[in-house]
Amino acid sequence: MSKKETICVQGNYKPESGEARVVPIHQSTTFKYDELDQLADLFDLKAAGHFYSRLSNPTVQALEEKINLLEGGVGALAASSGQAANLLAILNICQAGDNFLCSSKVYGGSINLFGHTFKKLGIDLIKFNLDDDADKIIALADDKTKAVFGETLANPTLEVLDLEKIVSVAKALDVPVIIDNTLASPYLCNPIEYGVNIVTHSTTKYLDGHAAALGGIVVDGGNFNWDNGKFKGLVDPDPSYHGLSYTETFGQAAFITKARVQLLRDHGNCQNPFNAFLTNQNIETLHLRMERHSSNTIAIAKFLQNHKNIDSVNYPGLEGNKYYENAKKYLPKGSSGVLSFNVKGGIENAKKFVGKLNVAALVTHVADVRTSVIHPASTTHRQLSESELIDIGIHPSLIRLSVGIENVDDLMADLDQALEF
């Protein structure tokens with residue numbers, strides 16, 4: 001089974017005769033064993049299995065395996081949210097005194113986590129401009145740099161990251177690349193194919209796709225040499241597991257195993273089985289939804305581009321967009337379902353526009369089947385200072401539109417009437 005469409009529908013779940021055709025919800029915190037030695041082997045990581053749902057659960061495992069197949073990794077770990085996934089990915093390799101490079105054009109919540117909360121933990125954020133050449137980005141690093149982080153498709157400014165350039169930066173520094181692939185989804189882009197080492201998602205977005213289940217996931221590409229002298233936490237004996245070395249014991253899956261049995265064990269930010277069940281089921285239509293999201297959005301982008309009350313439209317699928325060539329290269333199946341635009345008349349008209357919409361709803365969300373709209377400067381990114389907003393390309397009149405899978409003519413009619421000032 002290699003085609004994404006089939007993986008979306010069936011994943012790695014193969015029920016035995018008489019078992020449930022659909023992945024069941026294992027709504028249990030614990031699992032019963034007959035022999036004490038069986039449970040002891042699980043605690044010592046000598047055997048695979050489930051003993052407590054904070055670390056693993058059969059329903060959650062089914063989701064992890066499906067997304068791992070879609071991304072082409074060696075293992076995946078589901079978390080309670082996208083924020084939790086990014087936190088686990090960074091903390092798995094960074095400690096006090098370390099730093100990591102991060103594109104300045106990433107989700108505002110990630111900037112808060114990386115630039116403020118991590119700073120309190122002694123981990124520094126070094127921002128880079130994703131349009132700078134590789135040498136300029138490399139020059140920002142030092143001997144404490146442990147990773148390079150970016151988003152395939154930036155939220156909400158929609159820059160398409162040049163994955164091959166960022167991979168070349170990381171290789172020069174001998175550190176891993178961590179890419180948040182949320183807005184692209186694993187159907188439209190697989191960063192590991194371009195040499196990326198770790199992929200994260202907010203599964204709350206397109207993977208769930210129905211605004212019903214919070215979640216996040218970390219996927220390990222299994223393609224980085226952790227035994228290079230920089231990542232002793234993965235190589236040196238772990239006293240909490242009787243001196244086990246993750247690289248020696250788990251090989252290619254060292255990163256994802258450590259993230260689960262050490263960080264998830266201690267932080268407890270696991271995904272619950274019911275959310276995993278919902279997300280797993282909803283991925284069954286991911287390929288169909290992403291095609292519709294992309295086709296609706298390019299049609300609306302062209303419509304807005306010619307509207308008298310729109311100053312500018314930003315969508316990488318539009319010819320002439322600064323990132324059009326990157327989109328063709330890294331997002332050949334479509335540029336996903338989010339666009340942004342600036343309304344003429346500034347923030348006052350932007351507010352009027354949002355208030356007049358009937359089909360599109362004002363919600364603090366993005367990337368589900370229903371069309372939604374938000375004004376980032378006053379909502380999702382309001383914790384950022386004016387200079388930080390400008391730095392990531394958010395201006396007072398910027399509107400982010402998450403285009404759903406409704407009838408595109410209905411959507412355009414709604415936008416048209418709301419733009420009459």
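**Ground rules.** I number residues from 1 along each chain as its sequence is written, and my side-chain values use heavy atoms, with hydrogens and water left out. Since the model is predicted, local features need pLDDT of at least 70 and side-chain atom pairs count only at pLDDT 80 or more, while totals for chains, interfaces and linings use all residues.

**Entry 1, Asn-280.** I looked up Asn-280 and found its place in helix α12, residues 273-282 (helices are DSSP runs of H or I with at least four residues, strands are runs of E with at least two, and both are numbered from the N terminus). Asn-280 is buried, with a relative accessible area of 6% (buried means under 20%, exposed over 50%, partly exposed in between, with a 1.4 Å probe and protein chains only). Leaving aside neighbours within four places in sequence, I list Val-23, Ala-62, Leu-63 and Lys-66 as the residues in contact with Asn-280, where contact means heavy atoms within 4.5 Å. With Lys-66 there is also a side-chain polar contact of 3.0 Å (a pair of N or O atoms within 3.5 Å; within protein, one must be able to donate a hydrogen and the other to accept it, and residues adjacent in sequence count only if both atoms are side-chain atoms).

Grid points are joined across faces, edges and corners, and a volume is the space filled by probe spheres set on the points.

The structure holds two cavities of 30 Å³ or more. The largest cavity has about 40 Å³ of space, and α3 (58-71) and α11 (254-267) each supply at least two residues of its lining. The second largest cavity, of about 30 Å³, takes the most of its lining from helix α17 (residues 408-418), which gives three residues.

The largest pocket holds about 620 Å³, and of its 22 lining residues the closest to its centre are Ala-48, Gly-49, Ser-56, Gln-61 and Arg-260. Ser-56 and Arg-260 are also among the residues that line the largest cavity.

I counted eleven salt bridges, taking each as a side-chain nitrogen of Lys or Arg within 4 Å of a carboxyl oxygen of Asp or Glu. Lys-146 pairs with Asp-98, the closest N and O atoms being 3.1 Å apart. Lys-146 lies in strand β4 (residues 145-151) and Asp-98 in the loop between α4 (82-91) and β2 (99-103), so this pair ties together parts that are 48 residues apart in sequence. Lys-146 is buried at 9%, and Asp-98 is buried at 3%.

Asp-34 forms a salt bridge with Lys-32, with 2.4 Å between the closest N and O atoms; Asp-34 is exposed at 61%, and Lys-32 is exposed at 69%. Lys-328 and Glu-325 form another salt bridge, at 3.7 Å between the closest N and O atoms, and both lie in helix α14 (residues 324-330), three residues apart, about one turn of the helix.

Methods:
1 Å grid on protein atoms, 1.4 Å probe; cavity = no way out; pocket = protein on both sides within 12 Å on 5 of 7 lines; lining within 4 Å.
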